[in-house]
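Subject: Structure for your files

Hello,

Here is the structure you were going to look at. My notes on it follow below.

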Amino acid sequence: MGLGLTTSGLWQAEAWTRPPHYSFDALFKLAQMRAFAEGEIHPVVQKSVSDLNAPFEANWNDFPTTEELQYWGLGLISKVVGLSAAAHIGVLLAHVLAALSFFATCRLLRYDQALSFIGALFFSFSSYISIRGFAHLE
């Protein structure tokens with residue numbers, strides 16, 4: 001993904017229907033969002049997905065995850081806008097939340113408001129979110 005909606009091509013409506021760039025754990029994250037959206041799994045409880053690992057069930061209890069609520073929320077969003085668009089919204093939220101957290105931290109440390117805002121903009125569009133993309137939202 002690029003450093004913004006125009007460089008990543010997300011300024012076109014049809015681009016939001018395409019899945020995000022697949023790398024690393026993206027396929028598992030999309031499967032997790034789908035399972036949350038369909039009600040197969042719920043946050044904090046045991047997780048078994050009947051659609052995967054046929055003829056048995058997929059057991060997702062082998063490792064703890066800290067981002068269950070995040071993907072549960074994106075799963076709820078995907079019920080309304082679709083799985084691909086929800087994944088893109090998750091990346092967009094990562095940029096917005098990075099800016100808000102940077103700005104809030106600067107203001108708590110009593111830095112100038114204008115400089116805090118400018119720093120938050122630069123921080124939110126830094127390459128670490130764009131390069132790592134959807135697979136590394138946690």
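How many helices and strands does the secondary structure of the protein chain come to? It comes to six helices and two strands, where helices (H or I, at least four residues) and strands (E, at least two) are DSSP runs numbered from the N terminus. Read from the N terminus, the order of the elements is α-α-β-β-α-α-α-α.

Two points on the source. This is a predicted model, in which local features need pLDDT of at least 70 and side-chain atom pairs count only at pLDDT 80 or more, while totals for chains, interfaces and linings use all residues. Residues are numbered from 1 along each chain as its sequence is written, and side-chain values use heavy atoms, with hydrogens and water left out.

The chain as a whole

The protein chain has 138 residues, and 33% of them are buried. Buried means under 20% relative accessible area, exposed means over 50%, and partly exposed is in between (1.4 Å probe, protein chains only). The accessible surface of the chain is about 8600 Å², and carbon and sulfur atoms account for 66% of that; the areas come from the Shrake-Rupley method with a 1.4 Å probe, and for residues only the protein chains shown count as cover. Of the contacts between residues at least 6 apart in sequence, 61% join residues at least 24 apart, a contact being heavy atoms within 4.5 Å.

Helix α4 and its partners

Helix α3 (residues 68-81) packs against helix α4 (residues 83-108) at an angle of about 130°, and their axes are 7 Å apart. Axes are lines fitted to C-alpha atoms, for helices over the stretch in contact, and angles run from 0 to 180 degrees between N-to-C directions. The angle makes α3 oblique to α4: under 35 degrees counts as roughly parallel, over 145 as roughly antiparallel, 65 to 115 as roughly perpendicular and the rest as oblique. The crossing of α3 and α4 is right-handed, that is, the near helix is turned clockwise from the far one by less than a right angle, with anticlockwise being left-handed. On the α3 side the contact is made by Leu 74, Ile 77, Ser 78 and Val 81, and on the α4 side by Leu 83, Ala 85, Ala 86, Ile 89 and Gly 90. By class these are seven nonpolar, two polar and no charged residues. Here Ala, Val, Leu, Ile, Met, Phe, Trp, Tyr, Cys and Pro count as nonpolar, Asp, Glu, Lys and Arg as charged, and the others, Gly among them, as polar.

Helix α2 (residues 26-37) also meets α4, with axes that come within 11 Å and cross at roughly 115°. The two helices are therefore roughly perpendicular to each other, and their crossing is right-handed. Leu 30, Met 33 and Arg 34 of α2 touch Leu 83, Ala 86 and Ala 87 of α4. This contact has five nonpolar, no polar and one charged residues.

Ala 31 also lies in α2 and is partly exposed, at 25% relative accessible area. Its C-alpha atom is 9.9 Å from that of Tyr 71, 40 residues apart along the chain.

Two backbone angles

Most residues other than glycine have a negative phi. Val 44, in the loop between α2 and β1 (48-49), has a positive phi of about 75° and is exposed at 72%. Arg 110, in the loop between α4 and α5 (113-124), has a positive phi of about 65° and is exposed at 76%.

Regards
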